[in-house]
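Student: Can you walk me through this one? I have the sequence and the model open and will ask as I go.

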There are 2 protein chains.
Amino acid sequence: MLNFRPFQILRSLNSKRARFGVEMRSVFWDYSSNQLKMIDQRHLPARFEMVAFQDYRQVAEAIHEMVVRGAPAIGAAAAFGMALAALASRASERSTFLQDLHQAAEVLKAARPTAVNLAWAVNRILRVVQDSPAPVHELRALTLEEAQRIADEDVEVNRRMAEYGATLIEDGDTIIHHCNTGALATVDWGTALGVIRMAHEQGKRIHVLVDETRPRLQGARLTAWELEQYGIPYEIITDNAAGFFLRRGEVQKVLFGADRVTANGDVANKIGTYMLALAARDNNVPAYAVVPTSTIDLSLRRGEEIPIEMRSPEEVLGLQFKGEPIAPQGAKARNPAFDVTPARLISAIVTENGIVYPPFGENLPRMVRR
Amino acid sequence: MLNFRPFQILRSLNSKRARFGVEMRSVFWDYSSNQLKMIDQRHLPARFEMVAFQDYRQVAEAIHEMVVRGAPAIGAAAAFGMALAALASRASERSTFLQDLHQAAEVLKAARPTAVNLAWAVNRILRVVQDSPAPVHELRALTLEEAQRIADEDVEVNRRMAEYGATLIEDGDTIIHHCNTGALATVDWGTALGVIRMAHEQGKRIHVLVDETRPRLQGARLTAWELEQYGIPYEIITDNAAGFFLRRGEVQKVLFGADRVTANGDVANKIGTYMLALAARDNNVPAYAVVPTSTIDLSLRRGEEIPIEMRSPEEVLGLQFKGEPIAPQGAKARNPAFDVTPARLISAIVTENGIVYPPFGENLPRMVRR
């Protein structure tokens with residue numbers, strides 16, 4: 001058993017180190033050493049480890065290996081990765097500097113294909129630098145400033161989403177939550193789990209059924225761990241069991257985040273979301289996606305256009321139960337990391353600008369642009 | 001890696017030992033030692049172990065602990081358990097003997113509540129004994145004979161289901177299969193997996209997407225292991241991924257067994273079946289339940305009346321990934337072992353008497369009684 005409360009430790013770490021006096025962050029810039037620091041989420045809940053990065057290539061690798069995961073968190077990590085690239089660039093000419101940044105941008109954006117926040121954050125850094133007439137040494141600082149701004153904004157955006165979303169939650173609700181969408185998946189606070197946390201802090205009594213979320217078990221590993229920190233009652237269930245509890249009438253809301261939302265309201269999210277949303281609809285339980293507008297990709301019309309990442313079979317086959325492997329050696333597996341839930345199954349999309357209801361094709365663009 | 005082909009070993013074991021010259025059985029009576037023998041399915045695919053039973057209480061325990069699982073297999077195991085009780089009874093009076101058998105029947109039926117085959121097999125033994133005017137020493141033999149008949153019939157019934165079911169499978173089909181319904185889940189051959197095996201033996205090219213089937217991973221552990229033996233191409237997927245492949249149009253059929261079917265066609269089966277059937281329907285892919293008529297319980301009108309077994313949280317929380325636990329210590333979990341798929345999501349029910357199509361309320365009773 002963990003004999004410490006890791007978030008409290010992180011909070012005290014951060015209060016000493018971070019620049020903006022935030023309480024706790026999963027991804028942050030350490031100004032004393034000019035390093036990017038992140039919680040290594042692969043080892044939770046067994047071990048709480050912070051890792052430091054000085055090279056943007058390592059950041060790309062960490063995103064690919066899911067040291068850091070969650071669409072908003074990988075956006076912030078990539079933004080700081082761009083800052084590392086800027087600091088490491090030896091260019092004295094503006095054009096060479098931009099070339100270095102573009103190279104880093106390509107590497108970072110290639111780390112994972114589905115979450116649009118990654119490209120969104122990297123492109124935002126590039127745009128700010130390109131638009132600035134400042135000399136190269138100032139552009140370096142500008143890159144870090146913009147990355148820090150992306151991280152700070154993420155916290156603020158999450159808090160606003162949580163406030164809007166909490167209006168949907170009623171006292172006594174049992175909520176099924178898929179994957180991890182909490183402080184670990186963002187810079188702080190969380191998207192769907194942020195809504196749950198906010199409702200809890202408002203005094204609403206909530207019970208969370210935590211989808212374990214195979215294959216990487218972000219629900220069992222990370223969401224359960226966060227809920228322990230927050231003191232919110234929960235039970236872990238297998239993903240298979242969500243339909244059982246929905247059909248028994250025990251569930252009032254289904255909540256999840258997203259990795260990309262297209263202009264028509266189709267939602268790419270962690271594999272399994274589609275079947276969960278089907279089961280919610282079949283039982284007249286509302287299913288809400290909680291997403292910052294940076295996750296909404298108006299350049300794509302529908303979910304079929306979203307690139308879906310296929311990950312290693314090892315994530316499926318590498319489990320043990322009581323020390324024994326769970327599949328015959330040499331077994332093959334296929335491992336799509338995301339699926340697309342069609343807009344017709346989404347009851348509403350909660351953003352930092354407000355709650356969007358169908359028809360999404362009409363209402364979503366308005367919400368993003370305002 | 002397993003360096004032997006366990007089914008071949010079992011086949012040779014059985015060909016020496018079994019009375020009826022069957023090729024391979026998961027559950028069988030060893031006439032040389034008057035013991036019930038079964039494969040210990042908890043350790044597959046890592047280890048292949050046969051276990052022997054002389055006491056019906058141990059059989060009940062083995063059913064509860066899922067040494068043997070699968071509705072038809074636990075029916076046969078319980079029938080042989082009754083034979084062990086009959087052999088162990090010291091009664092010389094008919095009434096005392098019947099009392100002993102009734103006591104064993106209660107213990108065996110209480111081992112697992114959902115699969116009706118368990119009660120069906122035990123009650124069938126009781127009825128045969130009660131209806132016979134023979135003296136006690138003959139009733140002992142009669143009990144074993146009836147148990148053997150149940151086991152032998154199961155093989156035959158499965159083979160006939162497989163033949164009916166195979167008519168639904170087309171050359172080139174990709175099939176999603178949930179849980180394990182093969183030779184291991186029955187006395188031999190299998191229900192849904194028997195259909196796949198039959199279609200394969202008929203020369204149809206088939207690809208199976210094997211739902212890993214959390215929490216106990218019967219798909220990854222047992223179905224993958226059986227498919228390896230049969231030489232049928234397969235890939236393991238997380239249960240969450242079934243919807244992804246269905247939506248991509250890669251799947252032509254969805255197949256599963258059942259633990260109990262009610263008079264209206266509602267199907268209790270391994271947890272996750274309901275969400276899988278929803279995803280099949282949402283993509284116009286037929287979902288077939290393959291069940292012996294012994295699984296059809298006409299005494300119940302609808303699925304809500306089926307008792308659903310809640311199993312230990314340990315089955316959900318006890319996994320390791322790379323040696324690390326997958327949930328915070330002290331985490332709670334809920335673990336329903338089955339769910340009910342409403343008849344409206346079932347395209348057809350394959351039985352040993354033929355294929356039943358909706359309306360099931362009308363067509364199912366006719367098929368059971370004929």
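This is a predicted model: local features need pLDDT of at least 70, side-chain atom pairs count only at pLDDT 80 or more; totals for chains, interfaces and linings use all residues.

Student: Now the seven-strand sheet. What's the order there?

Tutor: β6-β5-β4-β7-β10-β15-β16 in chain A, again an open sheet with mixed pairing. Its edge strands are β6 and β16 (354-356) of chain A, with pairing on one side only for each. On average, neighbouring strands are turned by 25° against each other, ignoring direction.

Student: Pick the β4 and β7 pair. How many bridges, and in which sense?

Tutor: Three bridges, in the parallel sense, between β4 (residues 174-177) and β7 (residues 253-256) of chain A. Within that pair, I175(A) stands opposite K253(A) in β7(A).

Student: What does α10(A) touch on this sheet?

Tutor: α10(A) packs on the sheet and touches β4, β5 (207-211), β7 and β10 of chain A. The direction of α10(A) makes about 160° with that of β7(A).

Student: Where does α6 of chain A lie?

Tutor: Helix α6 (residues 136-166) of chain A lies across β10 (287-290), β15 (348-351) and β16 of chain A. The angle between α6 and β15(A) is about 140°.

Student: Switching to salt bridges. How many over all chains?

Tutor: There are 50 in the structure over all chains. One of them joins the side chains of R205(A) and D171(A), at 2.4 Å from N to O.

Student: What does the pair of R205(A) and D171(A) tie together?

Tutor: R205(A) sits in the loop between α7 (192-201) and β5 of chain A, while D171(A) is in the loop between α6 and β4 of chain A, so the pair ties together parts that are 34 residues apart in sequence.

Student: Why would two such side chains pair up at all?

Tutor: Side chains of opposite charge can pair when their charged atoms come close.

Student: On to the interface. How many residues does each chain put into the contact?

Tutor: Chain A gives 70 residues and chain B gives 70 residues. Between them the chains bury about 5,700 Å², with 59% of it on carbon and sulfur atoms.

Student: Which three residues of chain A supply more of its buried area than any other three?

Tutor: N240(A), M275(A) and R334(A), which supply 14% of the area that chain A buries against chain B.

Student: How many salt bridges cross the interface?

Tutor: Twelve salt bridges are found across the interface of chain A and chain B. R344(A) forms a salt bridge with D282(B), with the closest N and O atoms 3.0 Å apart. The count of residue pairs in polar contact between chain A and chain B is 31.

Student: Which element gives the largest share of chain A's side?

Tutor: α10(A), with six residues of the side of chain A that touches chain B. The residues of that side divide into 38 nonpolar, twelve polar and 20 charged.

Student: Which strand of chain B does β12(A) join?

Tutor: β12(A) is joined by three bridges to β12 (residues 319-321) of chain B, and the two run antiparallel. F321(A) stands opposite L319(B) in β12(B).

Terms used. Residues are numbered from 1 along each chain as its sequence is written. Chains are lettered from A and ligands numbered from 1 in the order in which they are written. Side-chain values use heavy atoms; hydrogens and water are left out. Contact means heavy atoms within 4.5 Å. Buried area is the accessible area (1.4 Å probe) that two parts lose on being put together, summed over both. A salt bridge is a side-chain nitrogen of Lys or Arg within 4 Å of a carboxyl oxygen of Asp or Glu. A polar contact is a pair of N or O atoms within 3.5 Å; within protein, one must be able to donate a hydrogen and the other to accept it, and residues adjacent in sequence count only if both atoms are side-chain atoms. Helices (H or I, at least four residues) and strands (E, at least two) are DSSP runs, numbered from the N terminus. Ala, Val, Leu, Ile, Met, Phe, Trp, Tyr, Cys and Pro count as nonpolar, Asp, Glu, Lys and Arg as charged, and the others, Gly among them, as polar. Two strands pair if DSSP finds at least two bridges between them. Axes are lines fitted to C-alpha atoms, for helices over the stretch in contact, and angles run from 0 to 180 degrees between N-to-C directions.
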